[in-house]
Number of protein chains: 2
Amino acid sequence: MTEFVTICEVGPRDGLQMAKTIMATPTKIAWIEALAAAGLREIEVGSFVPAKLLPQMADTDAIVRAAVAIPNLTVVALAPNLRGTQAAIAAGAHRVSIPVSVSEGHSRANLNRSPDEQVAEIARIVAWLRSENHPAELEVACSTAFGCSFDGVIPEAQVLRVVTALAQAGVTSIGLADTVGYANPGAIKSLVRAVRAEIGPVLHGLHLHDTMGLGLANALAGLEAGIRDFDSALAGLGGCPFAPGASGNIVTEDLVFMIEAMGFRTGIDLQALIEARKILHAGLPAEPLHGHVAKAGIPRIFRAAA
Amino acid sequence: MTEFVTICEVGPRDGLQMAKTIMATPTKIAWIEALAAAGLREIEVGSFVPAKLLPQMADTDAIVRAAVAIPNLTVVALAPNLRGTQAAIAAGAHRVSIPVSVSEGHSRANLNRSPDEQVAEIARIVAWLRSENHPAELEVACSTAFGCSFDGVIPEAQVLRVVTALAQAGVTSIGLADTVGYANPGAIKSLVRAVRAEIGPVLHGLHLHDTMGLGLANALAGLEAGIRDFDSALAGLGGCPFAPGASGNIVTEDLVFMIEAMGFRTGIDLQALIEARKILHAGLPAEPLHGHVAKAGIPRIFRAAA
């Protein structure tokens with residue numbers, strides 16, 4: 001039986017938050033619908049952060065409410081704290097993604113809190129969700145796990161300390177994020193193994209950026225280390241407003257091509273995915289669209305995994 | 001002890017032959033000198049083909065004669081046949097790279113010969129070199145080993161037939177080329193293992209293109225399968241004039257970054273390599289320069305392998 005790899009499209013959140021202009025709400029919804037129609041089953045559609053910080057995300061409540069009407073789609077929303085989580089749940093998000101920076105520098109810049117303070121906030125979120133007996137999923141994304149543009153090299157022990165604290169706080173799904181794109185395939189394999197040794201199957205997925213061009217090589221390293229969940233963004237949109245030098249997410253189209261060409265199944269129709277770029281381009285005409293497969297065209301030898 | 005990975009820069013040959021304009025001879029020489037000064041120890045500097053077919057390569061004789069004056073540099077020249085090989089040797093090339101297409105379609109388009117006819121030509125080249133008792137190295141590059149834009153999927157058995165015939169003809173160094181960029185990491189590992197099982201250490205290296213964005217992931221797969229020799233081109237120049245849809249070679253700068261970040265040694269100074277792009281840009285101002293590391297800058301956490 002063909003093994004399945006889950007791709008969570010983060011363009012509408014991680015991609016749009018870096019865009020110079022703001023995509024109109026109906027365009028966002030049309031884009032998310034097209035992504036879901038292409039076969040994506042998980043989409044991070046926005047973040048519940050103050051509109052004055054990220055005006056591109058001001059309509060997240062409306063976006064979540066529209067997205068949950070799409071059949072067979074897990075709607076993910078980012079929330080940096082309990083208040084945001086409550087708003088995400090109220091809007092109907094199926095999963096809330098909470099960031100915690102492993103590095104002090106990025107944590108201060110991004111969340112205005114230390115990593116320990118954010119772990120404590122996440123413990124409060126876990127406790128609140130339990131008290132509500134709410135079925136929504138919680139996932140924690142460990143930012144700057146492979147290096148930080150403020151703090152430089154991040155020792156594995158520092159990541160292990162944070163993931164262990166999160167697991168002890170009751171978090172059951174943790175992802176590792178190469179927020180600034182400093183990872184390399186060796187570091188990916190090493191950290192995945194070290195984290196898995198600490199928290200086992202609580203390690204969920206990888207969130208990779210393509211700053212140095214190593215994005216797909218890093219995804220391959222993750223795949224070989226047993227990871228079966230990856231974030232990516234259509235046309236490689238994205239970055240981090242609070243991580244200088246970070247560039248776009250790995251390109252969903254190219255990631256799907258690689259994974260399917262290797263014989264894994266993603267459930268995604270590559271041609272339909274490429275078509276969805278048109279909506280993105282119409283909604284953000286000034287934004288450069290990345291991706292090799294869309295430019296070269298799907299080669300005649302490509303066969304999606306069956 | 002840190003393991004060494006050899007990178008052969010093919011920009012002056014594979015890169016320039018696709019350029020829309022012709023780089024002036026003194027600029028080519030200055031560029032090759034800068035590449036060598038950055039630490040590259042193998043450079044494919046041109047090809048001995050009729051000037052009417054590839055006018056960009058018309059000065060290859062002069063380029064080889066200038067390049068062999070650079071200390072500690074293995075000067076490689078491409079030659080499609082015995083006549084070209086004799087010209088390369090006469091100019092002083094240390095190594096001659098002979099292409100053979102695994103696929104009939106690309107072989108006809110590129111060499112106007114069948115694969116078998118080219119294997120026979122290579123046997124004549126081996127015999128001539130032996131009769132001359134010449135110390136020049138011979139390397140054969142198997143084009144379209146991972147798929148062909150004319151013939152589509154290339155079964156492994158077809159590649160094995162060609163490499164076995166080459167080894168029997170006395171060829172002692174064979175590379176596998178993903179001429180059109182159709183490879184994926186699974187195919188790389190599978191073919192490398194199958195070819196090594198047939199011809200052992202005669203399998204030398206990989207020549208990869210980044211058409212689908214999988215170039216570095218494919219290089220990683222090769223590295224993991226034990227390959228320690230890779231071709232690449234500064235700024236990802238290149239393609240194949242007789243392979244529709246093929247795009248540039250893998251980017252030398254990004255490849256060096258990945259390999260060094262993983263703890264292998266390349267002997268290449270990444271900053272000097274990035275500086276060499278200026279000469280390339282001055283010599284071919286209309287050509288787009290690719291590469292993530294040059295754009296993002298070498299991150300502060302990067303340490304070259306010692």
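Which residue of strand 7 of chain B does B:Asp178 stand opposite? B:Asp178 faces B:Leu208. The points below take up that pairing and its surroundings; the model is a predicted one.

1. The pair in question belongs to strands 6 and 7 of chain B. Strand 6 covers residues 174-178 and strand 7 covers residues 203-208, and the two pair in the parallel sense through five bridges. On its other pairing, strand 6 of chain B is joined to strand 5 of chain B by three bridges, again running parallel. There, B:Ala141 stands opposite B:Gly175 in strand 6 of chain B.

2. Is strand 6 of chain B mostly covered or mostly open? It is mostly covered, with five of its five residues buried. In a regular strand, side chains alternate between the two faces of the sheet. On one side of strand 6 of chain B are B:Ile174, B:Leu176 and B:Asp178, on the other B:Gly175 and B:Ala177, and all of these are buried.

3. In chain B, eight strands close in the order 1-2-3-4-5-6-7-8, with parallel pairing. From one strand to the next the twist averages 25°. Helix 6 of chain B (residues 115-132) packs on this sheet, where it touches strand 4 (95-101) and strand 5 (137-143) of chain B, and its direction makes about 160° with that of strand 4 of chain B. Helix 10 of chain B (residues 252-261) lies across strand 1 (6-9) and strand 8 (229-232) of chain B, at about 175° to strand 1 of chain B.

4. Chain A also has a barrel of eight strands, closed in the order 1-2-3-4-5-6-7-8 with parallel pairing. Neighbouring strands there are turned by 25° against each other on average, direction ignored. Helix 6 of chain A (residues 115-132) lies across strand 4 (95-101) and strand 5 (137-143) of chain A, at about 160° to strand 4 of chain A. Helix 7 of chain A (residues 156-168) lies across strand 4, strand 5 and strand 6 (174-178) of chain A, running at about 165° to strand 5 of chain A.

5. Strand 1 (residues 6-9) and strand 2 (residues 42-47) of chain A pair in the parallel sense over two bridges. Here A:Glu9 stands opposite A:Ile43 in strand 2 of chain A. Leaving aside neighbours within four places in sequence, A:Ile43 has contacts that include A:Cys8, A:Glu9, A:Pro12, A:Leu35 and A:Val75. A:Ile43 is also among the residues with the most contacts inside the largest nonpolar core, which has 201 residues; others on that list include A:Cys142 and B:Ile43.

6. What does the secondary structure of chain A come to? The count is twelve helices and eight strands. The radius of gyration of chain A is 18 Å, close to the 19 Å that the globule rule gives for 306 residues, so chain A is as compact as a globular protein of that length. Buried residues make up 55% of the 306 residues in chain A. Of the contacts in chain A with a separation of 6 or more, 74% are between residues 24 or more positions apart.

7. The contact between the chains takes 33 residues from chain A and 32 residues from chain B. Helix 8 (185-199), helix 9 (215-224), helix 10 (252-261) and helix 12 (292-296) of chain A each supply at least two residues of the side that touches chain B. By class, that side of chain A has 18 nonpolar, twelve polar and three charged residues.

Definitions and conventions. Residues numbered from 1 in each chain as written. Chains lettered and ligands numbered in written order. Predicted model: local features only at pLDDT ≥ 70, side-chain atom pairs only at ≥ 80, totals over all residues. Pairing = 2+ DSSP bridges. Helix = DSSP H or I, 4+ residues; strand = E, 2+ residues; numbered from the N terminus. Axes fitted to C-alpha atoms, helices over the stretch in contact; angles between N-to-C directions. Contact = placed C-beta atoms within 7 Å. Nonpolar A, V, L, I, M, F, W, Y, C, P; charged D, E, K, R; others polar. Rg over C-alpha atoms; globule rule 2.2 N^0.38 Å. Buried ≥ 20, exposed ≤ 12 C-beta atoms within 10 Å, placed from the backbone. Core = buried A, V, L, I, M, F, W, Y, C linked by C-beta atoms within 7 Å.
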